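Subject: Structure handover

Hello,

The structure you were waiting for is below. My notes on what was found follow it.

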Amino acid sequence: MFLSSISQSGVRKGDVLEVKYKAEDGRESVANIKLTDDDIETLNMLKNMRNNQ
């Protein structure tokens, strides 16, 4: 659902994807990923895999 949602809004090269990890013990880590053409291709592949299930 997440990939479909962001894909509909038109993900573009240079957009930033923020990922947050939160462990049960309260530890957190955040990463910001500036999307490249390869990243967008990977997101589309994942979305298509999900749609084909």
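A residue counts as exposed when its relative accessible area is over 50%, and as buried when that figure is under 20%. Asn 32 has a relative accessibility of 53%, so this residue counts as exposed. Please keep in mind throughout that this is a predicted model.

Asn 32 belongs to strand E2, which covers residues 28–34. Leaving aside residues up to four places away in sequence, Asn 32 is in contact with Val 16, Leu 17 and Glu 18. For one of these, Glu 18, the C-alpha atom is 4.4 Å from that of Asn 32, although 14 residues separate the two along the chain.

As for the chain overall, there are two helices and two strands, and their order along the sequence is α-β-β-α. Along the principal axes, the C-alpha atoms occupy a box of roughly 35 × 30 × 20 Å.

Burial is 9% of the 53 residues. The accessible surface is about 4,600 Å², and carbon and sulfur atoms contribute 49% of that area. Among contacts with a separation of 6 or more, 32% are between residues 24 or more positions apart.

On charge, the chain carries 8 positive and 9 negative side chains. The centres of these two sets are 4 Å apart.

Regards

How values were computed
Residues numbered from 1 in each chain as written. Predicted model: local features only at pLDDT ≥ 70, side-chain atom pairs only at ≥ 80, totals over all residues. Heavy atoms only, no water. Helix = DSSP H or I, 4+ residues; strand = E, 2+ residues; numbered from the N terminus. Buried < 20%, exposed > 50% of the residue type's maximum accessible area, 1.4 Å probe, protein only. Contact = heavy atoms within 4.5 Å. Areas by Shrake-Rupley, 256 points an atom, 1.4 Å probe, with all protein chains shown as cover. Lys, Arg positive; Asp, Glu negative; His and termini not counted. Charge placed at Lys NZ, Arg CZ, Asp CG, Glu CD.
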